[in-house]
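I am opening a notebook page on this chain and want to record what I looked up, entry by entry.

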Amino acid sequence: NGMMALFNKISNYEASWVHTGSSIMENGDTSLLAVEEYECSLRTCADNDIMLWTMDLFGGLACVDDDAGCVLNGENVRRGMLVVGTAHDK
């Protein structure tokens, strides 16, 4: 599913209470999002309050269209994305 792929590419924050992605993109890469609504399901979000959590990751997210067709839906309970820092050398 699209949310699982997105989560695995960019959610790199590591802590004992947080789920972490399994194939984090390289610094400087861009993750291209398909037009869809991205929602949490089993282990596709960092935790109960945050969908995607990145730390010291430098890169981009882009939707395949320019018409706001890629939506992070936190369902009124989750922050879409928490970004802490960028790559150490950027």
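**Surface patch**

I find that Leu61, Leu72, Met81 and Val83 make a nonpolar surface patch of about 290 Å². For a patch I take residues with over 30% relative accessible area and no salt bridge, joining like charges within 9 Å and nonpolar side chains (Val, Leu, Ile, Met, Phe, Trp, Tyr) within 5 Å; areas come from the Shrake-Rupley method with a 1.4 Å probe, and only the protein chains shown count as cover for residues. A salt bridge here is a side-chain nitrogen of Lys or Arg within 4 Å of a carboxyl oxygen of Asp or Glu.

I note that the model is predicted, that local features need pLDDT of at least 70 and side-chain atom pairs pLDDT 80 or more, while totals for chains, interfaces and linings use all residues. Residues are numbered from 1 along each chain as its sequence is written, and side-chain values use heavy atoms, leaving out hydrogens and water.

**Strand β6**

I place methionine 81 in strand β6 (residues 79–84), with helices (H or I, at least four residues) and strands (E, at least two) taken as DSSP runs numbered from the N terminus. Methionine 81 has 31% relative accessibility and so counts as partly exposed, the class between buried (under 20%) and exposed (over 50%), with a 1.4 Å probe and protein chains only. Valine 84, also found in strand β6, is partly exposed at 32%. Leaving aside neighbours within four places in sequence, I list Trp53, Thr54, Met55 and Asp56 as the contacts of valine 84, where contact means heavy atoms within 4.5 Å.

**Aromatic pair**

I count 1 aromatic pair, the rule being that rings of Phe, Tyr and Trp (its six-membered ring) have centres within 6.5 Å, with planes under 30 degrees apart stacked, over 60 edge-to-face and the rest tilted. The ring centres of tyrosine 13 and tryptophan 53 are 4.0 Å apart with the planes at 0 degrees, so I record the pair as stacked. Tyrosine 13 sits in the loop between α1 (2–10) and β1 (30–33), and tryptophan 53, 40 residues apart from it, in strand β3 (residues 50–55). Tyrosine 13 is buried at 17%, and tryptophan 53 is buried at 9%.

**Cores**

Which residues touch the most other members of the largest nonpolar core? I find Met3, Leu6, Ile10, Tyr38, Met51 and Leu52, out of 13 residues, a core being a set of buried Ala, Val, Leu, Ile, Met, Phe, Trp, Tyr and Cys residues joined through side-chain atoms within 4.5 Å. α1 gives the most to this core, with 4 residues.
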